[in-house]
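This report is intended for a reader meeting the structure for the first time. Please keep the sequence and the model in view while reading.

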Amino acid sequence: MPDAATAPPWSSRVLPERTRDPSAVERLGAVLREHPGTLVLTGAGISTDSGIPDYRGPDGTRRVTPMQHGEFCASSENRRRYWARSFVGWQRFSRARPNSGHHAVAALQRAGVLGAVVTQNVDGLHQAAGSPAVTELHGTLAEVVCLSCDARCARDALQARMARENPGFEGFVRGQASDGSRVSSQIRPDGDVVLPDEAVAAFRLPRCLVCGGDALKPDVVFFGGSVPRERVEACFALTDAAPALLVLGSSLAVMSGLRFVRRAARRGIPVMAVTRGPSRGDEHMSVRVDGPLAPTLARLVSREAA
Ligand SMILES: [Zn+2]
């Protein structure tokens, strides 16, 4: 759970539920003890306590429709809509801090219980918690790449530039429209928020400082896009070298994560998961804890990394 003093204002403070099968945590600890350096695959569930909501609820249904890769590439208007909303959402997204789940993973890595981390998240919170050896499977929101000329820049720098070029947007950033009405402040996993169409139409789309084009894209894999081949191969190599695989906070709804679970299962190494609700990889799991992540990881740290 986020610390009350540092919890971002949009963070939901929900009491942890009970883990449905407490003995599953014991079994998880036992398998980890026998397989030091277990590879970790994390999903959105580990960042929800930092105030970054999951695209899917615990029942696996999609709650919001994220920007699709093809849609983003298709038109300047679609990119304008993305950047206007993302400009506003970034103010809050960039203030998110790692929670006790991220810190527990880092502690278990330092103790040698866990090995490398492959994350499907784009929020940089594992690194912020001090985790060594993190591969960001879907990229990072902290960087921006030009689709026309491949020039790269830091998101913070682009954010400052968008602020200068869109002075009227400060009200939206504060959560208020110029007529005094409230702007929806529901933040999304990609840092997006909902904005009215007229606000989007007025937004000045940022241009690439190198080629002048308007095809700047956050360096993340959108839905419908593909993970760069060399990154996939690097993660397959980690899977092939790992003694076991532990999935944390992912329903494995997309193939991008599921393929590593299948690869590990084919190799015959133990596959474990701590996640809320069912996952698409359940048939491959030797231990599955259906419960909240942070308290489960805290129990593991107290026993395995003390
Ligand atoms: Zn460019």
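## Basis of the description

Two strands pair if DSSP finds at least two bridges between them. Strands (E, at least two residues) and helices (H or I, at least four) are DSSP runs, numbered from the N terminus. Residues are numbered from 1 along each chain as its sequence is written. The model is predicted: local features need pLDDT of at least 70 and side-chain atom pairs count only at pLDDT 80 or more, while totals for chains, interfaces and linings use all residues.

## Confidence

The predictor's confidence in each residue is given as pLDDT, from 0 to 100. The protein chain averages a pLDDT of 85, and 82% of the residues score at least 70. Over residues 1-17, pLDDT stays under 50; over residues 178-185, pLDDT likewise stays under 50. Where pLDDT is low, the predicted coordinates should not be read in detail.

## Strand E4 and its partners

Strand E4 (139-146) pairs in the antiparallel sense with strand E5 (residues 152-154) over three bridges. In this pairing, Val144 stands opposite Cys153 in E5. E4 and E5 form a hairpin with five residues between them, and Asp150 in the turn has a positive phi of about 70°.

E4 also pairs in the antiparallel sense with strand E6 (residues 216-220), over four bridges. Here Cys146 stands opposite Leu216 in E6.

## Four annotated cysteines

UniProt, in an unreviewed entry, places the feature "binding site" at Cys146, Cys149, Cys208 and Cys211. These residues are spread over 66 residues of sequence, yet they cluster in space, with a largest C-alpha distance of 8.7 Å. UniProt positions are given in the numbering used here, feature names are shortened, and annotations may be inferred rather than shown by experiment.

A residue is buried if 20 or more other C-beta atoms lie within 10 Å of its own, exposed if 12 or fewer, and partly exposed in between, with C-beta atoms placed from the backbone. Cys146, in strand E4, is buried because 20 other C-beta atoms lie within 10 Å. Cys208, in the loop between helix H8 (197-201) and E6, is also buried, with 20 other C-beta atoms within 10 Å. Two residues are in contact if their C-beta atoms, placed from the backbone, lie within 7 Å. Not counting residues up to four places away in sequence, Cys208 touches Cys146, Ser148, Cys149, Ala151, Gly213 and Leu216.

The unreviewed UniProt entry places the feature "active site" at His138. His138 lies in the loop between E3 and E4 and counts as buried because it has 21 C-beta neighbours inside 10 Å. Beyond four places in sequence, the residues that His138 touches include Gln120 and Val122.

Gln120 and Val122 are among the positions where the unreviewed UniProt entry places another "binding site" feature, as is Ser250. Val122 is in the loop between strand E2 (114-119) and helix H5 (125-128). Ser250 is found in the loop between strand E7 (245-248) and helix H10 (255-267), and is buried, with 27 other C-beta atoms within 10 Å.

## Helix H9

Helix H9 (residues 229-241) has 13 residues and reaches 18 Å from its first C-alpha to its last. This is close to the 18 Å expected at 1.5 Å a residue, where the expected span is 1.5 Å times one less than the number of residues.

The buried residues of H9 are Cys235, Leu238 and Thr239. They cover an arc of only 100° around the axis, and therefore lie on the same side of H9; the arc is that of the directions from the helix axis to the C-beta atoms. On the other side, exposed residues include Arg229, Glu230 and Glu233. Among the elements covering the buried residues of H9 are E2, E7 and H10.
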